[in-house]
Amino acid sequence: MHRCIQLAKNGLGTTYPNPLVGSVVVYQDQIIGEGWHYKAGLPHAEVNAIRSVQDKTRLKEATIYVNLEPCSHIGKTPPCSDLIIQSGIKNVVIGNLDSNPQVAGRGIKKLIDAGCTVTTGILEAECAELNKRFFTFHQKKRPFILLKWAQTRDGFIAPTSERRKEAKPVWITNTYSRQVVHKMRGQEMAILVGTNTAQQDNPSLTTRSWAGNNPTRIVIDRKLKLDKELSIFNTETETIVITEEIENSTNHLQYETIDFSGEIASQICDVLYKNNIQSVIIEGGSKTLQTFIDENLWDEAFIFSGPVNFGDGISAPALKGRFIFEEFIRSDSLYLYKNRAHRK
């Protein structure tokens, strides 16, 4: 099962909206086949694992391991549970049950009805962590939410507007930390900023410094006052604008309305869920980040700290979470926190 998890991680950022899945086929304590799900629409992990077995006659005495319950429905590909049955494999070991209503135990039932011996719950916590985005989306009806910001040693996230000379980012961290951020962007489905950040920093919110897919950009623009020449509105990737105004959508620009007198973060989550977005990075600014914190709508927080001081400026958000680790990135530090309220 450890090997299944290891294989599944190869698909992070490319399998959406499907989960991360790895699979191995074992015969007489030896791995004779393995595979993972590369991309939505392509064969699933179990298919790739079974196809990789050179001597198919061994399958009748083999055991297949998979970190997530094999699917039982017809989507873009045939059901994996059917293939397992057809291949003659009689022993199936599973990490997690699938929370997708289209599967949700049906795959296991089909295998048992066909005479397979099914074992579940192997490395269950590790498998659940692997697919935290997928499970959060289906169980909580919202995306998995990552907070991310960089702050100075004296606790500021940005300088005062008076100190800014032009609309571009004021760097707090080094180029290596920025590469880590771009890697994160390539692994998540969307990234969100507020009006002030879009206006003052003019960010592209793409994966320029890392190989990977650009996330869908989300920008809060209540009164539609942002200049359409800003980078966030270019055609590099899709952008969703959260507003209270009525505006027609275009091919790469989508407008979604919410009630700004209500709970903003909760409504944004509803919009993202409606658009099948399983994960989102909340990248700023401080007011936007604090909105999600105050509504307790966050799962993990990545806080980068650079070796600079501003003396004054916009204070970093106030967050209380469960400290997980500190990682050094040359002159910077990266701190990971998880939401205590979501601890199992």
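**Note on the predicted model**

1. Asparagine 276 follows helix H9 and has a positive phi, near 60 degrees. Helices here are DSSP runs (H or I, at least four residues) and strands are E runs of at least two, numbered from the N terminus. This is a predicted model: local features need pLDDT of at least 70, side-chain atom pairs count only at pLDDT 80 or more, and totals for chains, interfaces and linings use all residues. Residues are numbered from 1 along each chain as its sequence is written, and side-chain values use heavy atoms, with hydrogens and water left out.

2. H9 has several buried residues: Ala265, Gln267, Ile268, Cys269, Val271 and Leu272. Buried means under 20% relative accessible area, exposed over 50%, and partly exposed in between (1.4 Å probe, protein chains only).

3. The largest nonpolar core has 32 residues; Ile145, Leu147, Trp149, Ile242 and Phe292 touch the most other members. Helix H9 (residues 264–274) gives this core its largest share, 5 residues. Such a core is a set of buried Ala, Val, Leu, Ile, Met, Phe, Trp, Tyr and Cys residues joined through side-chain atoms within 4.5 Å. A second, separate core holds 26 residues, including Phe156, Val193, Phe233 and Phe304.

4. Look at isoleucine 242. Setting aside residues up to four places away in sequence, Ile242 touches Ile218, Val219, Ile220, Asp221, Arg222, Glu256, Ile258, Phe260, Ile268 and Val271. Contact means heavy atoms within 4.5 Å.

5. Helices H3 (residues 80–87) and H4 (residues 106–113) pack at about 20 degrees, with axes 9 Å apart. Axes are lines fitted to C-alpha atoms, for helices over the stretch in contact; angles run from 0 to 180 degrees between N-to-C directions. H3 and H4 are therefore roughly parallel (angles under 35 degrees). From H3, Ser81, Asp82, Ile84 and Ile85 meet Gly107, Lys110 and Leu111 of H4. By class, this contact has 3 nonpolar, 2 polar and 2 charged residues.

6. Threonine 197 sits in helix H8 (residues 195–201). Thr197 is buried, at 14% relative accessible area. Beyond its neighbours within four places in sequence, Thr197 contacts Asn202, Pro203, Gly284 and Gly285.

7. Lysine 168 lies in the loop between strand S7 (156–158) and helix H7 (175–187). Lys168 is partly exposed, at 44%. Lys168 and aspartate 201 are 33 residues apart in sequence, yet 4.1 Å apart in space, C-alpha to C-alpha.

How values were computed: Angles under 35 degrees count as roughly parallel, over 145 as roughly antiparallel, 65 to 115 as roughly perpendicular and the rest as oblique. Ala, Val, Leu, Ile, Met, Phe, Trp, Tyr, Cys and Pro count as nonpolar, Asp, Glu, Lys and Arg as charged, and the others, Gly among them, as polar.
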